[in-house]
Amino acid sequence: MGQSATIVDTAETVTERSPIVMRSRFAEDVVRFLLTACGVFVVLTTVTMIGFLAHAGLRGMGAVGIWPLLTGRVWKPEADSYGGLALIIGTFASASGALVIGAVPAVLAAVWLTEFAPPSIKVVERRILEVASAIPSVVYGWLALVYLVPIVFAVAHAVRGSDAPVTGEGLASAAVLLGVMVAPTVLLLSLDSLSRVPRALRDASAALGASPWQTAFRVSVPYAWRGLLIAVFFGFARAAGETMAVQMVIGGARRLPRDFLFSPTTTISAQIVMDMQEARPGTPQNDVLFSMALVLLLVSVVVVLVTRLLGRQRLS
Amino acid sequence: MTHQWTLVARTVALALALSAFGCDKSQPPAPERPQQAASAAAKADNGQTGTVQASGSSALQPLVNAAKEQFEARNKGVSVEVSAGGSKKGLADVAAGAVQIGDSDIFAPEDLKAQLVDHRVAVVGFAAMANKGPFNEKIPAITILDLAKVFSGAVTDWKQLGGTAQPIVVINRAPGSGTRAVFGSIVLGGDKFVESQTEDNSGALVAKLKQTKGAISYLALSFADPELRVFGIKSDAGVVEPNAASITAGTYPIWSYEHMYTKSQPTTLAKQFLDYMLSPDFQEHTLPNVKGFIPVTQMKVSRDKD
Amino acid sequence: MNTATQSNGQGALHRGRRRGSAIESVLLKLLGAGSILFALGYVVCLLYLLIKGASKIASFTTYASPLAGVDNESAMRFVMGVCVFGVLGWLGVAGVRVIVSRFGVWTSAADRVGTIVAVVVALGGAVIARDHLPRFLISLPSETTAGGGIGPEIFNTVYFAVLSTMITLPIGVGAAVYLARFARSPRFVAVVRVALDTLASLPSIVYGLFGFLVFVVEMKMGYSLFAGAVVLALLNLPLVVGIAEESIVAVPRELDEASLALGATPIQTTARVTLPYAWPGILSALVLSIGRVFAESAPLIMTAGTTISRASAYSLNPFRGGETLAVHLWYVNSAGLSPDKVDVSAGTAAMLVVLVALTNLLAARLARLGGAEGTRVRKATR
């Protein structure tokens, strides 16, 4: 290294005085500066956004109090009552329902595709789900509004009685919609992590006499469980943050649902969008919406942290 | 890759082939702008360009759209952008400067009144409308007190109003809706609605009312539908049906002005648009043709606040 | 398990006799059926959507559709005509190619002829049938009456893709190059990575709130496409930086070292050696980000508004408001009063699905051209 350094140094001193090199030196520095500026810009933007969110959100939390905000039952901004319990429960319930309805079947389907399916089916299904995962969420929301809600309405009345005060909108519809929406992404992520299982492991298991089923569920899945869990968590975060599609099918009643599955309620993001339309910047109504956005951010941050933790341990 | 392209090609070809059945052989649409303007006031076209942005009340929207079509026809370079979102959104938007005109069914709140100028362009009546069924056949009208009980959740069954046993399903408007605010302040004395499902889209609300047994909600009269039961108001003086006559006379209480608010110094174009909406030409020729709206000048009673 | 296989030594080979294998095969069949149904479900939904919307989109008018008197409308009609007839021409050529390959050989000369035919059909059709295009694709939307279309929305959607890519491309690729090649301090790199992770985990409404406060209220710009484009660019930044960085890191070090040894400066190396090599990966990242632009609606509602105005429907001015297809789909269903809104929604959704599918195919095609493999493939197919 020392010798080449001297060669380079000599070369530099020789060419330094050439005007072409001087100009490109300057250009080089300018470009370097611009590239660094890009990196700085990213950091600045993040700091600004988090700062502005935190500033307004913490102000809102201060005005209302964290405990009443998180556990109050009555959300009525026009009456200065900010109880976000219904919103938080709505978000968690619909996202968890999405996990059960969408993420878990997606993981199982990924296992089947990787371990048991003929390769041609795997390729075709992968292509289909890549397209399905890129479809905008409002499209799924609209399909749910027009086709799913009437079906759930009929089911609700069949299950609870034809005179019961139940509707098609509510947590059941939201969970199904969110499940259908996150399933393709979860499946693709699971496929990725399952494909990293070393072939040698599978071969060894088969050599020991295990059936494909046993190989899959006692060898591959345990090996890839972290990646699968990351995929499921990602699905949860996406379902919790979904805004417009959920707003179309959740009913918009700012209270805990009377009938858990079939009664209208609301979620954090849907309520933020609905209330933001008329809240004026600087007022407590506006600030409290940012506080609820902070709560949502907390959920995402927790998911990201868990993902990182799980990912880091995978040093095999 | 060829296989993939042909797969896609086949799918799209199939879709298009099926869609060929939807070949549009219908009549050509009516020209998009009325070529024969209602009056010879087409001389208003003085080559101005620009945009007027308005947002807010969905109850007012049909009227503003009618005005927009006429105004744009007379001023070719001007475009009027109208979006809904609710009266409170309109007020917030105009106060923040995001739009030039805020449409609202309600008076501006105290803290905004100072910076906004009110223009009352019409009067609109509201009524309680419900799903038509045998359970409320015998109820043509309800007292204001009973309406308040229904919408605040104190009364939960149609039999308590004189019909047969059927649970009442209240469907509310969104909290930002002016219709909700007006109905609330006149019938309930404030926003004291029972918290239930919200449906803010008037078209979807009408559809829901037709479909859900026992459902009841409140809408502007522009959305009255023969398949819904529209309730009159019962009082000691008798039954008052909601129509233009009773509203202008003041016997039917549930009505409000349609306000179009601007900031104290509106832009020239916005002012022109509002002047057009308040002009006798519009108020006497176009407004009566839009269902559910009443000219302010015909009102025999007036209000200062909601 | 081991004892079972040992005591039943031969049973390990004869799977039929192993305990539980019957249940296993049943479960296996169920799992397989479930997975296939899972994918079929999506296919059915999307095809149904396409068919329902396609009848609205593709209904060619047999009479001349009157011009709406909007600026740039003829240009828009021409472009739309080129797209529509281009697709038709390409489909025709692809169909012919399938048939000919079945019975004979499809040479590259025939390929070139096919491309030329498709182009001619596209341009010719656009010129001839300019006034008879599908009404849905070129008319303005209508709030209260039937017969509205999505022409301006399509224009706005594509314009958004262009605008936000113009912002994401330099900053995203710049940050990726910086992180991969020019970063001096590991701590700053860690800070940038944490910042990117944070940006990636913010819910999209937060971007909308930010854009609304900064651009619409503080800067008093009103609803504008510019605000929406900036917000979308920020939204896509983590994605683009992540994938671009991966592509740049995947460039073999030997290439860079060879370039430096030949006397190029680091910047010249990056610009002329590293980036071209990593370019297909970067391009696929950009295409993915465009797919995201098509899909977002909440941030745009708060920054670009939900209106289409007659005067600026097809204008290139980025400081006017405008709604995109996704926003239109939401708006029509939540605040629209038009009687045919189910049809309009179906058409809008179908258009979105078509755009997304095209973008995806493009991304898949580009991703295959990455790396050394890509250079070879590109040279071979020239």
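Student: In which sense do strand 4 and strand 7 of chain B pair, parallel or antiparallel?
Tutor: Keep in mind that we're looking at a predicted model. Strand 4 covers residues 116-131 of chain B, and five bridges link it to strand 7 of chain B. One residue to look at is B:Ala128, which stands opposite B:Tyr218 in strand 7 of chain B. The sense of the pairing between strand 4 and strand 7 of chain B is antiparallel.

Student: And which residue of strand 7 of chain B does B:Val169 stand opposite?
Tutor: Strand 7 of chain B also pairs with strand 6 (residues 169-170) of chain B, this time in the parallel sense. Two bridges hold that pairing. Within strand 7 of chain B, the residue opposite B:Val169 is B:Ala215.

Student: Why is strand 7 of chain B largely enclosed by the rest of the structure?
Tutor: Look at both faces: B:Ala215, B:Ser217 and B:Leu219 point one way, while B:Ile216, B:Tyr218 and B:Ala220 point the other way, and all are buried. Strand 7 (residues 215-220) of chain B is largely enclosed because, of its six residues, the number buried is six.

Student: Let's move to strand 3 of chain B. Which residues point the other way from B:Ile101 and B:Asp103?
Tutor: Strand 3 of chain B runs over residues 101-104, with B:Ile101 and B:Asp103 pointing one way. All the residues on both faces are buried. Pointing the other way are B:Gly102 and B:Ser104.

Student: What is the bridge partner of B:Ala54 in strand 3 of chain B?
Tutor: Strand 1 (residues 49-56) of chain B and strand 3 of chain B run parallel, joined by three bridges. The bridge partner of B:Ala54 in strand 3 of chain B is B:Ile101.

Student: Which residue of strand 11 of chain B is the bridge partner of B:Asp103?
Tutor: Strand 11 spans residues 255-263 of chain B and is joined to strand 3 of chain B by three bridges. These two strands run antiparallel. In strand 11 of chain B, B:Asp103 has as its bridge partner B:Met260.

Student: There's also an open sheet of three strands in chain B with mixed pairing; what is its strand order?
Tutor: Start from the edges: strand 5 (141-143) and strand 10 (238-240) of chain B each pair on one side only. From one strand to the next, the twist averages 35°. Reading across this open sheet of chain B, the order is 5-9-10.

Student: Which residue of strand 10 of chain B is the bridge partner of B:Ile233?
Tutor: Strand 9 (residues 232-235) and strand 10 of chain B run antiparallel, with three bridges between them. In strand 10 of chain B, the partner of B:Ile233 is B:Val240.

Student: At about what angle to strand 5 of chain B does helix 5 of chain B run?
Tutor: Helix 5 takes in residues 144-152 of chain B and lies across strand 5 and strand 9 of chain B. Relative to strand 5 of chain B, the helix runs at about 85°.

Student: Zooming out, which element of domain 1 of chain B gives the largest share of the side that touches domain 2 of chain B?
Tutor: Chain B is divided into domain 1 (52-121 + 257-298) and domain 2 (125-249). In their contact, 16 residues of domain 1 of chain B meet 15 residues of domain 2 of chain B. Helix 3 (87-96) and strand 12 (293-294) of chain B each supply at least two residues of the domain 1 side. The largest share, three residues, comes from helix 3 of chain B.

Student: How far apart are the C-alpha centres of the two domains of chain A?
Tutor: The assignment for chain A gives domain 1 (2-64) and domain 2 (67-312). Between the C-alpha centres of these two domains of chain A, the distance is 39 Å.

Student: Now the chains: which helix of chain A supplies the largest share of the side that touches chain C?
Tutor: The contact takes 60 residues from chain A and 63 residues from chain C. Several helices of chain A each supply at least two residues of that side, including helix 2 (19-64) and helix 12 (284-312). The largest share, 18 residues, comes from helix 2 of chain A.

Student: And on the side of chain A that touches chain B, how many residues are charged?
Tutor: This contact takes 17 residues from chain A and 17 residues from chain B. The chain A side has six nonpolar and four polar residues, and its charged residues number seven.

Definitions and conventions:
Residues are numbered from 1 along each chain as its sequence is written. Chains are lettered from A and ligands numbered from 1 in the order in which they are written. This is a predicted model: local features need pLDDT of at least 70, side-chain atom pairs count only at pLDDT 80 or more; totals for chains, interfaces and linings use all residues. Two residues are in contact if their C-beta atoms, placed from the backbone, lie within 7 Å. Helices (H or I, at least four residues) and strands (E, at least two) are DSSP runs, numbered from the N terminus. A residue is buried if 20 or more other C-beta atoms lie within 10 Å of its own, exposed if 12 or fewer, and partly exposed in between; C-beta atoms are placed from the backbone. Two strands pair if DSSP finds at least two bridges between them. Domain bounds come from an automatic or database domain assignment. Axes are lines fitted to C-alpha atoms, for helices over the stretch in contact, and angles run from 0 to 180 degrees between N-to-C directions. Ala, Val, Leu, Ile, Met, Phe, Trp, Tyr, Cys and Pro count as nonpolar, Asp, Glu, Lys and Arg as charged, and the others, Gly among them, as polar.
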